[in-house]
Amino acid sequence: MANYSKDENQKTMTDFLCSPELTEGIHGELRWAASLNIFMSITAFIGNALFLVALNKMSSLHPPTKLLFRTLAITDLCVGIICQPLTVVALLPEVKQYVHVCRYTSTVRFLVSYALCMVSLLTSTAINVDRLFALSLKIRYRQFVTLKRTYVIVALFWVISIAFTVLGVFVNWISALYWTVVLLSCMAISAFSYGRIFFVLRFNQNELRSPAFWQKLYRKTVYTVLYIQLALVVCYLPYTIITLLVSRRSGHPNMWLLLVWRYLGTLVYFNSSLNPVLYCWKMREVKKAMKKIVQRICCSWCCNRENGGFVVNSERQTTSSSL
């Protein structure tokens, strides 16, 4: 956790968030933040669960690319079922002024959220690089980008993110340094990848007019990943800026600044609910698969209700006839 001034008895972000003096006048706003997290937890779970099922039915994506999308959806799913409930559990003790409960839940929430956000950021960048390789390597792409290598890369993402998260518990500046390095590196790599992709598309249109090439490698994935990357920047950047502002308050953060920090943290979580919408919007095959899944669920639910009602009615008729 980010430390503030050493003058204030080594106070951390958690100490200020759980301080009754700073949260006393914003209990209503904290309840609204908790309500938003409850709602987005449900939407993130439903949206990403449907996408994971629909992804298994897709045959057009290269298996390594599918693995990267699956990893991104799993991190978003974990945000919905772990991080946001923990956020609600951390916010309510702030309202009730249970300081010790607030500190424990805030610390656990920070550690889990930190690791998941890092994996999500690294995975989205890996998808951008994967799209660049698909364009640059062409025929050699399937030989170079294999499922085994992708599994190794994804495993490294998880191991490194968890390791630096654990180290950050003991040495505060390590987590901050890792976040800064990863964020800047991922933004630079993504910018280079898309710059290179659109440069090649612009100056090699004759070569890329093949419907199969464009449809298989780009129409379904490139612009999807671009929108995912833009959504990630929009959701993450304000939180990063406000975190720097809060950390520079020299041990005296403002109550409303901390409230804005809370809401922008909720904006980061909103990214997990937004991604499934982008998948449906830009990937037609995913949209069709998710529609079929929802229709099957609704049909099975309606059939169960009708069958249940039929059983009840038949039981009533049997009882009345026996009487």
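This is a predicted model: local features need pLDDT of at least 70, side-chain atom pairs count only at pLDDT 80 or more; totals for chains, interfaces and linings use all residues.
Helix α7 has 24 residues, and at 1.5 Å a residue they should span 34 Å; the end C-alpha atoms are 36 Å apart, which agrees.

Stay on α7 and show the side chains of Thr 150, Val 154, Phe 157, Ser 161, Thr 165 and Gly 168: these residues are buried. Look at how they are spaced as you read the next point. An α-helix has 3.6 residues a turn, so residues three or four places apart point the same way.

Next, go to the largest nonpolar core, which holds 53 residues. Which two of them touch the most other members? Select Phe 69 and Tyr 279 to see the pair. Several helices give two or more residues to this core, among them α3 (27–56), α4 (63–96), α7 (147–170) and α11 (255–282). A second, separate core has six residues, including Ala 33, Ala 34, Val 88 and Leu 91.

Now zoom in on Tyr 279. Leaving aside neighbours within four places in sequence, Tyr 279 is in contact with Phe 51, Phe 69, Leu 72, Asp 76, Thr 224, Ile 228 and Val 286.

Select Ile 38, Ile 42, Phe 45, Ile 46, Ile 81 and Ile 82, which make a nonpolar patch of about 510 Å². Both α3 and α4 supply at least two residues of this patch, and α3 gives the most, with four.

End your tour on Phe 45, which lies in helix α3. Why does Phe 45 count as partly exposed? Its relative accessible area is 41%, and partly exposed covers the range between under 20% (buried) and over 50% (exposed).

Conventions
Residues are numbered from 1 along each chain as its sequence is written. Side-chain values use heavy atoms; hydrogens and water are left out. A nonpolar core is a set of buried Ala, Val, Leu, Ile, Met, Phe, Trp, Tyr and Cys residues joined through side-chain atoms within 4.5 Å. Buried means under 20% relative accessible area, exposed over 50%, partly exposed in between (1.4 Å probe, protein chains only). Contact means heavy atoms within 4.5 Å. Patches are made of residues with over 30% relative accessible area and no salt bridge: like charges are joined within 9 Å, nonpolar side chains (Val, Leu, Ile, Met, Phe, Trp, Tyr) within 5 Å. Accessible areas come from the Shrake-Rupley method with a 1.4 Å probe; for residues, only the protein chains shown count as cover. A salt bridge is a side-chain nitrogen of Lys or Arg within 4 Å of a carboxyl oxygen of Asp or Glu. The expected span of a helix is 1.5 Å times one less than its number of residues.
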